[in-house]
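Please read the points alongside the sequence and the model.

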Amino acid sequence: MSIGRFLKVALATSSVAIAVPALAQGPAAATATGINRDNGLEARRGAMLMRVEALTDMVLRVRIGRDGTLPEDASWAVAAPLRQQRVKVTATPDGFRTSAVQVRLDPATLALTVTDLAGKVIVADAPSPVAVEGRTFTLRKALPQGEHYFGLGDKTGGMDRRGKTFVDWNTDAYGFSPADDPIYKSIPFFIGVGGEGGSWGMFLDNSWRTAFDFGHKTDGVLELSGPDGPIDYYLIAGPSTAEVVRRYTDLTGKAPLVPQWALGYQQSRYSYETADELRQVAARLRQEKVPTDVLWLDIGFLDKNTPFTVNKTKFPDLKGLVADMRHDGFKAVTITDLHVGANRPKGSYAPYDSGMAGDHFVKNADGSVYVAPVWPGPSVFPDFTQKRTRDWYGGLFKEQVDMGIAGAWNDMNEPAIFETPTKTMPLDVQHRIATDDFTPRTANHAELHNIYGMENTRATFDGLQKLAPDERPFVMTRASYAGGQRYAVTWTGDNSATWDHLKLSIQQIVNLGLSGFSYGAADVSGFAGGPSADLLTRWFEIGAFYPVFRDHSATGTPRVEPWVDGPDHLAIRRRFVEERYRLMPYLYGLADQNARTGDPILRPVFYDYPSALRMSCDQSWTFTLGKALLVAPPPTPESPQAYDVCLPQGGWFDYWTGLPAGTKAMQETGPIQSATQATGEKQAQGDLVRETPRLDRLPVFVRAGTILPRQPLVQSTAETPSGPLQLDVYPGDDCQGTLYADDGHSMAYRRGVLLRQAIRCTRTAEGIRIDFDRRQGSFRPWWREMRVTVHSWTGAGTVSARNRAVASDTDATAQTLSFTLPDQARAASVTIARR
Ligand code: MIG
C-alpha cells in the first residue's frame, strides 16, 4: 500500500504536524507527528503508523501498522465497500470532528479520545494505549466507573463482561461450565453501556487468538491483545445501544430473514437412529398436539458418521421419509460436519475423490494433505478460505436439496479434531487465502482458526442458495466469527441439564443478539446429563421465547421429548409451545425488523429501556422479546422464592390476564450492582410487581402502548390459521404495532411480495382511535378478518370504522372491548368511544 498517496491528501487540508520528543520506546521512536487528512488523521510514532478514518459520522476505523505501513486492507467480516466508506471531517487543532463526534489524538502517545460534540467522553484510551512487541500487540482503553460491557457473542460468565477476562479461540467445549472460556465462537465485538457519552461499540477485526480483559487484571483498564495479525478496529458511537448494534450490523451484515418454519418448535436428538424412530417421534408430536415445525437428523443417519452419506439400512428411503414429513408439516434439517472422510474405498465417496482431485483440502507444513481423526475416522478438511473450494463444497449439498431437506446443520467447525489435547488442528496447518479482496497467499491455521467455521457456513449458505435460488437458505452453526450472522443461525453448543445452564442460556442469547447473532438457541433440556421434570418444564417455558427453539440432547442421556414426564408436565410444556405459535405474527415481525435494522429479537431490557440498567431488581436474566414483551423468570429458579420484577416507566400489562400490571410504584429496594451505585445516579422510575414463582407460570408483561398481533393456534407454520388475525391493543404512550407477512419461505419478499403495515393507537377524549397505515407490498395474507381487543376498557363502547358502526362486546372482568373488522388493507381509522 502506498503511503505517498495518502500524504498528498493530508496536505490538502489545514494540516497540523506536531513534532514531539521521543518517548523511551527504543531507537526507532525518534519523532511523533499527527497529520490531518480529509477523512480523519494519521500519526507516526517511531516505526508505528496509525490512521483513524471516519467511515461515517458515527463509525471510526483505526488501523495501526507496526513497521510504517498499514496492515492489508482486507477483512473476513466487513465487505470492501463498507470498509471503504468515508465522510469528510473537519480538522481541529488536535484531531478532527464529524457531525457527531470529536476525535483527539495525542501524537506523543497515540492516545485517542472520542467525545460527543458537547465534549462528553464516549471512549478514551488508558495510559500506554498501544504497545507492540514483535508481532504481539496490546491496546488499552479506559473503563469508566459505572460503564458495563456486553457482547463477545455467547461467552459464559454472566451478562456483564466487566471485571472479567476472555479469550477468542474457537473451542469444542463439550460440557462447558457457566464460567469456562473460550468456547465455540469468536466475536471480537463488545458494547460499553452507561458511560457519560452514551453507548459505544468496539470491533477488533483480528482473526488470531485475541484476549479481552475488562478490568480484571488492572482495575479501570480494558486491555485487548493478540499475538499477531492486523491492529484494525472500529469504534462505533451510539448514543443508544440500539444505534450501536444497528451500525455494527451495517458493517458486518444483517442476518437474512429466516424461513418462517425456523421460528417454530424444533425437535432433535443425538440421534434419532432410524426412519421408524423419527416417524414415531413425528406421530407422537402430532398426537400429543405439540405444535412442531422441524425434526433434526444428527450424525446417526449417516453411514459411519460420514458427511454427505446416508445409512441405507437405517434410513432406506430418506427422500420418501422427508416427503412424508413435509406432508405432515415437518421440515427436516440434517447435520453436515465439515470434515470429509478419508478412508472410504476409492471411487465410492465423491466428496473425498472430487476434493482430492480439485486440491480442496488444507495441508501440513510439508505440503501433504492434513489428515486427522474425527467422526468418520481419518478425515480431511476443506480449505474454505478459497472461493473455489467453497463453491465446490456448496455443490455437495445437491443430493440433500434434491431430497427435500430444508436446512443444514454445520457442527464441529471450530474445527474439532479428536485424539489431540488441543482439540483442533496444529497451528502450522496451511490454508490458502484466495477470496474477496485479500491478496492471495498461504496462511497458518493460527491466523485462520477463528474464521474457519464461519467460512464453512458461508460455503454451505451460498451452496444452498445456488442449488435452490428461490428458497431462503437455513444453516445452523456451532462455531463462527464476527459477521457470521450473514450465513447461519447459531446455538450455544453442548450445554448441560442444570438450572445454571438454563439461566446462562438467556445471558448467552442476549449477548449473541447484541453481537449481531440475532438467531440464538440453546439446547432445550441441556445437551449433557438429564434434567429433572421441573427443569425440563421450565426450559420449555423459557425456550418458547428463544429466537430459535430447539429441544436437543446427547446420546446416552434420558429422553427429553415434551411428554417424557407425564401428562401434567406435558400440559404446561404444550401451553408454552402453543403460546409461541400464537405469537408467530409478532415473532415474524421481529425477524423482519431484525433483517432490516439488526435489532435483536431477544434483547436485554436496557436495549429499549436504558433506565433498566439502574433498576434495583435482580435482572440477571430478565429479557425482552422485541420492545413489547418483557419476560421475567425467577432469579433463582432452582429454589423459588418470591421476587420483584422492575418494570420500566410507562406502564405494563400482564400478558396472561391482559390486565394492567405493577400498580405498586417502584421503591428503592435492595442493593444494585456496586459499579452502578458508585455513579450516584438516581434509581429509575417505574413499576414494581411482586411474583411468587409457580412452575406452571412464567411472568410476561406487555408494554402499555403496544398493538400485539397474534394468530389462531396451528400445529405447524405449514398450516393456514383459521379465524381472524388477532390484534390486542394495550393503550399507552407511543402506541403502535407492525404487521409483517409473506409466503414464509421463498425469496419473493425481496421482490416486494410481502405485507408490512404499521398500526397506531391514540387515546382521545372519548376513548381511543386506531389508525391503520397504508400497507406496503403485494402479499395477500391468510386472514380475512381482524379481531381487535382493546384492553383496560371499562363500561360500554361504540366502535365506528369508515363512519359505520361496528358491533362490539365487552368483558368487565377482563376489562376489554372487542370487535371484528374486515382485513384493513388500506389506510383507515377506527374510533372507539365510551358510551
Ligand atoms: O462430538 O453430532 O454439539 O449438538 O448432537 C459430538 C453429535 C458431535 C456435537 C454437537 C451436538 C451433536 C453432536 N456433536
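1. **Helices α10 and α11.** The axes of α10 and α11 approach within 10 Å and cross at roughly 5 degrees; axes are lines fitted to C-alpha atoms, for helices over the stretch in contact, and angles run from 0 to 180 degrees between N-to-C directions. The two helices, α10 and α11, are therefore roughly parallel to each other; angles under 35 degrees count as roughly parallel, over 145 as roughly antiparallel, 65 to 115 as roughly perpendicular and the rest as oblique. On the α10 side, Trp 499, His 501, Leu 502, Ser 505 and Ile 506 meet Asp 534, Leu 535, Arg 538, Trp 539 and Ile 542 of α11, contact meaning heavy atoms within 4.5 Å. By class, this contact of α10 with α11 has six nonpolar, two polar and two charged residues. Here Ala, Val, Leu, Ile, Met, Phe, Trp, Tyr, Cys and Pro count as nonpolar, Asp, Glu, Lys and Arg as charged, and the others, Gly among them, as polar.

2. **Basis of the model.** This is a predicted model, in which local features need pLDDT of at least 70 and side-chain atom pairs count only at pLDDT 80 or more, while totals for chains, interfaces and linings use all residues. Residues are numbered from 1 along each chain as its sequence is written, and side-chain values use heavy atoms, with hydrogens and water left out. Helices (H or I, at least four residues) and strands (E, at least two) are DSSP runs, numbered from the N terminus.

3. **Helices α11 and α12.** Helix α11 (residues 533–543) also packs with helix α12 (residues 567–582): their axes come within 8 Å and cross at roughly 10 degrees. α11 and α12 are therefore roughly parallel to each other. From α11, Ala 533, Asp 534, Leu 536, Thr 537, Phe 540, Glu 541 and Gly 543 take part, meeting His 569, Ile 572, Arg 573, Phe 576, Val 577 and Arg 580 in α12. This contact of α11 with α12 has six nonpolar, three polar and four charged residues by class. Asp 534 of α11 meets residues of α12, and Asp 534 is also listed in the contact with α10.

4. **The six-stranded sheet.** The strand order of this open sheet is β31-β32-β33-β39-β35-β36, with antiparallel pairing; two strands pair if DSSP finds at least two bridges between them. The edges are β31 (602–604) and β36 (660–661), each with a single partner strand, so one side of each is left without a neighbour in the sheet. Within the sheet, β35 (residues 652–654) and β39 (residues 700–703) are joined in the antiparallel sense over three bridges, and Trp 652 stands opposite Arg 703 in β39. Helix α10 (residues 499–514) packs on the sheet by touching β31 and β32 (623–625), its direction making about 95 degrees with that of β31. Helix α13 (residues 584–597) likewise packs on the sheet, touching β31, β32 and β33 (629–631), and its direction makes about 95 degrees with that of β32.

5. **Ligand surroundings.** Which residues are closest to the ligand? Of the 13 residues that surround the ligand, the closest are Asp 298, Asp 411, Arg 478, Asp 494 and His 552; a residue is counted if one of its heavy atoms lies within 4 Å of the molecule. A side-chain N or O atom of Asp 298 is 2.4 Å from an oxygen atom of the ligand. For Asp 494, a polar side-chain atom lies 2.5 Å from a ligand oxygen atom. The corresponding value for a side-chain N or O atom of Trp 375 is 3.3 Å from an oxygen atom of the ligand.

6. **The three-stranded sheet.** A further open sheet has the order β21-β23-β22, with antiparallel pairing. Strands β21 (340–341) and β22 (372–374) stand at its edges, each with a single partner strand, so one side of each is left without a neighbour in the sheet. Two bridges join β21 to β23 (residues 377–380), and Val 340 has Val 380 as its bridge partner in β23.

7. **Backbone points to check.** Most residues other than glycine have a negative phi, and most peptide bonds are trans. Gly 238 and Pro 239 are joined by a cis peptide bond with omega about 10 degrees, and Pro 239 is in the loop between β17 (231–237) and α3 (241–252). The bond from Glu 414 to Pro 415 is also cis, with omega near 0 degrees. Arg 802 has a positive phi, near 50 degrees, and is found in the loop between β46 (797–801) and β47 (804–806).

Note on methods
Polar contact = N/O pair within 3.5 Å; in protein donor to acceptor, adjacent residues only side chain to side chain.
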